[in-house]
Amino acid sequence: YADYLQAEAAVQGHRPQDAIPLLEHFSERHPGSLFGPSAPVLLANALVASNNAAAAIALLQPLQNGPGGSHTDFRLALAKAYQASGNTTQAAVLFRTLYLQDPLSPEAASAKNQMIAMNVPLSAAERKQHADAMFNAKQYTVAQEEYRSLQKDSSDLSPSDRDALEI
């Protein structure tokens, strides 16, 4: 536990270079650790923070179809690595998918912020899809904010979606 927690503290303390040696080959050094599945994500975040996005991508890509590849933190880390490497197209695909398919996750808000930072806007239909998901999850305040924002700019919504916003 000590290596992982020390590495986590180093990343959060803006010392990612201190975390990298603790996380490299983590699963080999600590077989069966509860932190084994999370170590590649933390290592990728440390690599990105150390301006080595290519190494983060090389680390995460082979794991993408494995058991941890569907986790929101994994997909966010991979998207940020693509973004940092300059592959904003692939980053935007991952951010958009994360935002729309996992709207309740904490990573969804970060994905939206990253898309805004990359100047990759969501379509009105995608924003409505997210608002509907939030409404269905009883996150009424968030849904209301998105619906109101959509009412102001609903030019590319279908007529039935525009009508639904009026209700």
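Which residues form a nonpolar patch on the surface? Here are some notes on that and a few other features, with the reminder that this is a predicted model.

1. **The surface patch.** The nonpolar patch is made up of Tyr-1, Leu-5 and Leu-34, which together have about 380 Å² of accessible area. Tyr-1 sits in the segment before helix 1. With a relative accessible area of 59%, Tyr-1 is exposed, because the cut-off for that class is over 50%.

2. **Aromatic pairs.** The structure contains three aromatic pairs. One of them joins Tyr-4 and Phe-26: the ring centres are 6.0 Å apart and the planes stand at 65 degrees, so this pair is edge-to-face. Tyr-4 belongs to helix 1 (residues 2-12) and Phe-26 to helix 3 (residues 26-29), so the contact ties together parts that are 22 residues apart in sequence. Tyr-4 and Phe-26 are both buried.

3. **A stacked partner for Tyr-4.** Tyr-4 also pairs with Phe-35, and here the centres are 4.2 Å apart with the planes at 5 degrees, so the rings are stacked. This pair links distant parts of the chain, since Tyr-4 is in helix 1 while Phe-35 is in the loop between helix 3 and helix 4 (39-49), 31 residues apart. Why does Tyr-4 count as buried? Its relative accessible area is 7%, and buried means under 20%.

4. **Helix 6.** This helix (residues 72-85) has 14 residues and spans 20 Å from its first C-alpha to its last, close to the 20 Å expected at 1.5 Å a residue. Its buried residues are Thr-72, Phe-74, Arg-75, Leu-76, Ala-77, Leu-78, Ala-79, Ala-81 and Tyr-82. What do the buried residues of helix 6 pack against? Their partners are helix 4, helix 5 (53-60), helix 7 (88-101) and helix 8 (106-117).

5. **Arg-75 and its salt bridge.** One of the buried residues of helix 6, Arg-75, forms a salt bridge with Asp-102, and the closest N and O atoms are 2.2 Å apart. Arg-75 lies in helix 6 and Asp-102 in the loop between helix 7 and helix 8, so the bridge ties together parts that are 27 residues apart in sequence. Arg-75 counts as buried at 14% relative accessibility, whereas Asp-102, at 24%, counts as partly exposed.

6. **Other salt bridges.** The count comes to seven salt bridges. Among them, Glu-126 meets Arg-96, with the closest N and O atoms 2.8 Å apart. This pair, too, links distant parts of the chain: Glu-126 is in helix 9 (residues 124-136) and Arg-96 in helix 7, 30 residues apart. Glu-126 is buried, with a relative accessible area of 15%. Another bridge brings together the side chains of Asp-18 and Arg-15, at 3.0 Å from N to O. Here Asp-18 is partly exposed, with a relative accessible area of 36%, and Arg-15 is partly exposed as well, with 37%.

7. **A charged network.** Please also have a look at Lys-112, Arg-127 and Glu-146, which are linked in a network of salt bridges.

Note on methods:
Residues numbered from 1 in each chain as written. Predicted model: local features only at pLDDT ≥ 70, side-chain atom pairs only at ≥ 80, totals over all residues. Heavy atoms only, no water. Phe/Tyr/Trp six-rings, centres within 6.5 Å; stacked < 30°, edge-to-face > 60°. Helix = DSSP H or I, 4+ residues; strand = E, 2+ residues; numbered from the N terminus. Buried < 20%, exposed > 50% of the residue type's maximum accessible area, 1.4 Å probe, protein only. Expected span 1.5 Å × (residues − 1). Contact = heavy atoms within 4.5 Å. Patch = residues over 30% accessible without salt bridge, like charges linked within 9 Å, V, L, I, M, F, W, Y side chains within 5 Å. Areas by Shrake-Rupley, 256 points an atom, 1.4 Å probe, with all protein chains shown as cover. Salt bridge = Lys/Arg side-chain N within 4 Å of Asp/Glu carboxyl O.
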